[in-house]
Amino acid sequence: MALPEGTTPRLQRLSALVAIVLVAIAVGFAFGRILIGHGATYRMIAVGVASGALAWATERRGMLVATLTSAAALLFAVTWLAVPHATWYGLPTATSIQSLGTLATLVGAQAREYVSPAPATPALIMAGAIAVWAAVFSCYALAFRAQSPLLALVPPIALVVFADSVLDDQTKPIYGVLFLIAALAVLFADSLRRIRAWGPVWSPVAGRDRLSPVAGSNARRVGATALAVAALAPLFVPGFGSTSVLDISRFGSDNRIRLSPLVQMGSILRDTKDDNPPFFEVQVEPGHVSYWRMVALDTFDGNTWQPQADTGAEVQNGVIQVSSVSGQSVTQTFTMLGDLGYSWLVAGGVPTSIAMNDTVWWHPASSSLTMDGWPNKGQSYTVTSTYADPTAQDLRNADVEPVDPMYHQLQTDAPIPPVVLATAERWTAHADTAYDKVMAIMHHLKSPSFTYDPNVNLQDDPQALADFLHERHGFCQQFAGLMAVMLRELGIPARVGLGFTQGQPVAGTTGTYIVHGHDYHSWVEVPFSGYGWLTFDPTPTFSDPSSASYAAMTTPIQCVPGQGHNCGGLNPTVTQHQRKNAQGKIHVGDVKAGITNGLQGGAAATPGQRGLGAITLADVVLAGIAVALLLGIGIPMWHWLRRRRRLLAARDPRTLVLATYDVFTDRARELGVGRSPGDTPEEFRRKLVATDTLNGANEPLDRMTAEVVRAAYAEGEPDAGAAAAVRHDADQVLHALRAATPLRQRVLGRYRTD
């Protein structure tokens, strides 16, 4: 006889939706902690809820349809969150996909750069959104499609545990309690579906569906007790709240949020909506234009140059406390042309005073100025700086200035490849003074054998230095990083300067320049006695105008078309017309593997080159086709293997008959006639007959049903040929059903799991 229906499908669906939403909130709340700001947490929660709701809405569709729908929705989500400026009225475009591909190449580097909680950069937001989306979607699929609720909790709990492992934070049981509540909700929703075939557990009371008193009270007691024990038990475990025996979140960290501006500024530039946004305007005395330093990077960990920890000192009365250097005093006025997303204040030379209607801090270790908050559009400040103007002979006589020993050191976990020192020694073999050695290295890096190329990948390991020496093409970060490492290997103090080139002169004015995103740049600085840190730019076609008196190159350097910056007057023989033609279409900066061209519509890579970190739109399309083919073939194959395994597991005639019937009902479901959990074989037979599609297969259906009922309930063992007879009858019934089923149902039915 048929079993009672039990809970209503509507109530089962609603309980599943509530359960997956609770999982999404718990995972988003816990995992969002790895990024700075409540906004990141809210976005992770929103992503999780969207993923769970979509998985719930497509549950009755085939797995392929649900997966493709989820993948398309995920594309929309990460586009809106990570690269909203690359959409067309909110819709993803080819540029959006290219931008996401580039961000994907930066995730690994940024994960190594930051200690959690990390800044919510577009790359990390994208990675977090994908992780939360996949965890919630797979949780629903495993719990309510595959009916494996315990296995379903593994993906979301992995994200919760990961967040706990990388955060050096006080104990917060609320995250564990939230996840336990969500886990109980998943188990409860799954149990409603399973118990439905056993009998009613819900009864109408006062016009509403309510838990029957006995089942409801017992379930509530068990759930509440389990939750209380799980939340309170850790409090009584010895060592609760103390430092762990193995705290992986402390590896490589001194509890400060460390970052490389090379990464952060790259994220800021990528997040701008203008193709090549103007950052600020600078007014400077004629003849005193220079590079505008933002911060100096003095620590190399084998992967990236970073600024050392420096809390700085508040500037009092506008006077900056710096060591005295000889030179000319120059005043510069900077006016913001947009709302900027960083706190550094750029300046040229050695800043000695600043006038600004805000609190300003001076960081001597990184020679940088910062303000409280971020500069807003229209905000301005005036800096007075000392510009040293030594000659080459002055620097040969001065020698390097005594500085902190750290400027000589390379504190790396992995050794610097020997070829770096060997090359530096070979290039400087005929140089007698520190200045001559600096110039020799710069001369070789600026020679025609090296090419400026913003479309290369920036690798984050010491071996990248050797690779760069071998391949001999890269962008400013690689040229400056290699030269600084070479100088330190030779015992010469050096650091990497980061900021902007001089910018573009404003027509009809004198001493006014507009600095855009594509002027973002890095170079090398070396200290000389009496002159302070001086600029030496090893990148081909670049030169700081303020260094012309001591760093001018006598060998002409070829200007490579499309390199991303103008030639800056490095070769006096190059005309303005030639520079215009050589410059090509340029956009935001060259930092981090030429991200500008890929993300904001810059010039395409030359033939043979591949932008976007070696990922192109064609690669994405081909990958999508490959995934679609894999799913299109893999899901039906998985169903076939599952049925085959069920038949092979049958060891006796009775079990084989029942397994054959299970395979039959499974295949009938693909044709649109599914057997409900409470249907007996006889009830399912009547359901098939009612479809009026058997077309002469009623007799095989009757024989098969009778044989299955005998195998299920009779005491005697079925005949050895009973299973073969059932299989033969099942094939005839399925043939009749298939002939009457539309092609669309036959195809899509192969991807159904309900």
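Analyst: Buried here means under 20% relative accessible area, exposed over 50%, and partly exposed in between, with a 1.4 Å probe and protein chains only. Helices (H or I, at least four residues) and strands (E, at least two) are DSSP runs numbered from the N terminus. The model is predicted, so local features need pLDDT of at least 70 and side-chain atom pairs count only at pLDDT 80 or more, while totals for chains, interfaces and linings use all residues. Residues are numbered from 1 along each chain as its sequence is written, and side-chain values use heavy atoms, with hydrogens and water left out.

Two strands pair if DSSP finds at least two bridges between them. Strand 16 runs antiparallel to strand 4 (residues 292-297), with 5 bridges joining them; in this pairing, G499 of strand 16 is the bridge partner of R293. Strand 16 is also antiparallel to strand 19 (residues 520-528), through 6 bridges, and there F500 stands opposite Y520.

The protein chain holds 24 helices and 20 strands, and 47% of its 754 residues are buried. A nonpolar core is a set of buried Ala, Val, Leu, Ile, Met, Phe, Trp, Tyr and Cys residues joined through side-chain atoms within 4.5 Å. The largest such core has 72 residues, among which W292, I354 and F536 touch the most other members. Helix 15 (residues 476-489) gives this core its largest share, 8 residues. A second, separate core of 53 residues includes V78, I125, L159 and V186.
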